[in-house]
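Subject: Structure handover

Hello,

Here is the structure for your work. My notes follow below it.

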Amino acid sequence: MMKLNLVDRKPRVLLLLPTRTYRASDFLSAARQLEVEVVIASDHPQTLSELSPLKSLSLDFRCPEQATQDILSFAEEYPIDAVVGADDDTTILATMAAKELSLPHNTIESAYATRDKHQLRRILEGAGLRSPWFKLASVNENPERVANRIDFPCVLKPLSLSASRGVIRANDSAEFVDAFNRVAAILRSSSDEDEHHGDAEHLLVEGFIPGVEVALEGIVVRGELKVLAIFDKPDPLDGPFFEETLYITPSRHSTHVQQEIAACTADAANALGLREGPVHAELRITDDCAWMLEIAPRSIGGLCARTLRFGTGMSLEELIIRHAIGQDVNLFEREVRAAGVMMISIPHAGTLREVRGNSQAETVEGIEEVTITIPIGQKVVPLPEGKRYLGFIFARGETPNDVESALRNAHRRLEFIIEQ
């Protein structure tokens, strides 16, 4: 990567942080650790402006072209040396801004493709990667007619919503019609909430891929994928909804399967045009073969990045910023100890009134932290309509089995009082 030519000043990093991101404090902590100057760009600056030691920007992430021009105007007075996006909502803007600032970047086409599941499928299939059959459907179509033209089981997906929101499996025509109407309602709701930045008029229908799910966390350096971690997802994800719970690393899959996972991710990144920066991929393993579900030019979501440490304790956010400002990250490897996170799912809709058992859960051997991220008194909505978790449990241990056992044990000690 091109080294920055900085004279008498620290590197200046533009952090793109949506107001609802979980990642603000972790990225800012990493920036302080590296002693870089930070500019926070958010869609609601009044919330995050006090966190920035330099200045904050108010940007409309829904209009990346205009937001890029705003960044360029700012950079005329305060030169920007790196652009780092925290979440899915920032990937297109981060790519556009980096390109216009002549910084290392992915292709614009790759940024758009990873935010559109149909376009992603077309590119991966065109590159010869394993792909299920898929069909684009309008939410205005008659779902019974659509059901007559497809095979089962299948999965229905919004084109750009994340965190498994709106992803539903259907095993027959009746389930398909119900799922179709449900996804269409979710798309209408997301548009009404002003949170949907993609196509709300279509959904994707694709063949269900049997097998177990895994995730890969990586970083691309000059077009070469560096694998940072492979996560097992030991809980079955067979539908009808696909709520993720456990992420455990290192993977317990065979060396051959892990090589398949890495090769599939590298091939997908190359086909899309991902050249620089973090990559998070979700895959299915069937008969020891890897199938790409989704891949995005950003790091793992929620607070899950806290499971990863590199070198002598470096966070994933610090590794990402180091790469963005031109430092070599190839020598940093994940710590030897096993680690994992449980994303605490919402059991049913209602108002969260109380959380019991926190202290007991934190006494479980191997548990590092239990974090409840939804305030008491807020309404909670489970998947597929919901888009949040109740919180996160983090653990470390000598083996992946130790970590998984600790997470399950801690979760059993928690009780959530939710009034309907």
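Take Cys264. Its closest cysteine sulfur is in Cys289, 9.8 Å away, which is too far for a bond. Cys264 is buried at 10% relative accessible area. Cys304 is buried too, at 3%. (Buried is under 20% relative accessible area, with a 1.4 Å probe and protein chains only.)

Provenance: this is a predicted model, where local features need pLDDT of at least 70, side-chain atom pairs count only at pLDDT 80 or more, and totals for chains, interfaces and linings use all residues. Residues are numbered from 1 along each chain as its sequence is written, and side-chain values use heavy atoms, with hydrogens and water left out.

Next, the strands (DSSP runs of E, at least two residues, numbered from the N terminus). Strand S8 covers residues 202-207; 5 of its 6 residues are buried, so the rest of the structure largely encloses it. S8 pairs antiparallel with S5 (residues 134-138) over 5 bridges; pairing takes at least two DSSP bridges. Strand S6 (residues 154-158) is also joined to S8 by 5 bridges, again antiparallel. Leu203 in S8 has Ala137 opposite, and Pro158 also stands opposite Leu203.

Last, packing. Leu316 is in contact (heavy atoms within 4.5 Å) with residues including Glu217, Leu228, Ile300 and Phe310, leaving aside neighbours within four places in sequence.

Best wishes

Definitions and conventions
Buried means under 20% relative accessible area, exposed over 50%, partly exposed in between (1.4 Å probe, protein chains only). Helices (H or I, at least four residues) and strands (E, at least two) are DSSP runs, numbered from the N terminus. A disulfide is a pair of cysteine sulfur atoms within 2.5 Å.
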